[in-house]
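Please open the model in your viewer and keep the sequence beside it, ready to select residues by number.

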Amino acid sequence: MATELILVRHGHAVRVNGDYVHAPLTQLGQEQAAQTGQYFSEPQNHLDGFYSSPLRRTQETAKIIGEKIGQNPKLRLGVQELRFREMPVLAIFEILSILDPIEDYLDARAGGPIRWPIEGRVSAVLLDVLAKHPNQRVAVIAHSGVISAALSWYLPEKRWRWWRTTVGNCSLTRFSVEGNRAELLALNDIKHLSPVIVTTQPPTKTVEIAKEVHPVEKALVFDKAPDKIKEK
């Protein structure tokens, strides 16, 4: 048996005077959350665990979903968006990930405890959540950068792809998890949303910067390891 882990990006939000940390949902984002809640309210999609990042846009998304499914989300520190102070260290670490010893480290710790910018704190929360819900279905309302981090942690051989991926608002990214092994069941699943309300909102500036790290990385190492670049 496996646990189904579902990472849900928050609904469409609007910056307040340029501030995205305290950004509330728009009316569009509220409708996206309501349709997501309706999806999880169906018996075959019942959630055994329901968690949320503490930022405003995720809390508001989780509250609307929770009203539909009759559950209150549990707030978890650690699954909030990439922080500015993490960005310089993440850039250095990601550039170093091309090196064989670092790549071996990432492969060996896929799905397990790891010391790495953002992935370290995200993985710690997800491991705790999974331990509380063996062989169940659990959802975490989070952020684009958190979902990229989770994908990079579970499937490090494609981390360049994951950090360049931006999932849609209220999209579902699903994993089947057994121990430290995870199978990606769905990426950016938006079938539960009406086509007219589907949006893929740009992530925070910090995440946008992170997405630029890997093109730079490719430019730095292509001449030295072209075969490895092509594999990623």
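The tour below moves from the confidence of the model to its sheet, its helices, its loops and its rings.

Before selecting anything, note that this is a predicted model, in which local features need pLDDT of at least 70 and side-chain atom pairs count only at pLDDT 80 or more, while totals for chains, interfaces and linings use all residues. Residues are numbered from 1 along each chain as its sequence is written, and side-chain values use heavy atoms, with hydrogens and water left out.

**Confidence**

Colour the protein by pLDDT, the predictor's confidence in each residue, from 0 to 100. The mean for the protein is 90, and 91% of its residues reach 70 or more. Now select residues 228-232, where the pLDDT is below 50, although this stretch has twelve contacts in the model beyond near neighbours in sequence (contact means heavy atoms within 4.5 Å). Where pLDDT is low, the predicted coordinates should not be read in detail.

**The sheet**

Switch to a cartoon view, in which helices (H or I, at least four residues) and strands (E, at least two) are DSSP runs, numbered from the N terminus. Six strands form an open sheet with mixed pairing, in the order S3-S2-S4-S1-S5-S6; two strands pair if DSSP finds at least two bridges between them. Its edge strands, each pairing on one side only, are S3 (74-75) and S6 (181-189).

Then go to S5 and S6, which run antiparallel and are joined by six bridges; here Glu178 has Arg181 in S6 as its bridge partner. The hairpin of S5 and S6 has two residues between the strands, and in it Gly179 takes a positive phi near 60°.

**Helices on the sheet**

Which strands does helix H1 lie across? Select H1 (residues 27-41), and you will find that it lies across S1 (3-9), S4 (137-142) and S5 (172-178), running at about 35° to S5. Such angles run from 0 to 180 degrees between N-to-C directions, the axes being lines fitted to C-alpha atoms, for helices over the stretch in contact. Helix H5 (residues 119-132) also packs on the sheet, where it touches S1, S2, S4 and S5.

**Two loop residues**

Most residues other than glycine have a negative phi, and most peptide bonds are trans. Select Asn135, in the loop between H5 and S4, which has a positive phi of about 60° although it is not a glycine. Next select Cys170, in the loop between helix H7 (159-163) and S5, whose phi is likewise positive, near 60°. Is each of them buried, exposed or partly exposed? Asn135 counts as partly exposed at 42% relative accessibility, whereas Cys170, at 0%, counts as buried (buried means under 20% relative accessible area, exposed over 50%, partly exposed in between, with a 1.4 Å probe and protein chains only).

**Rings**

Finally, show the side chains of Tyr39 and Phe40, which are both buried and form an edge-to-face aromatic pair, 5.2 Å centre to centre with 70° between the planes. Rings of Phe, Tyr and Trp (its six-membered ring) pair if their centres lie within 6.5 Å, and planes under 30 degrees apart count as stacked, over 60 as edge-to-face and the rest as tilted.
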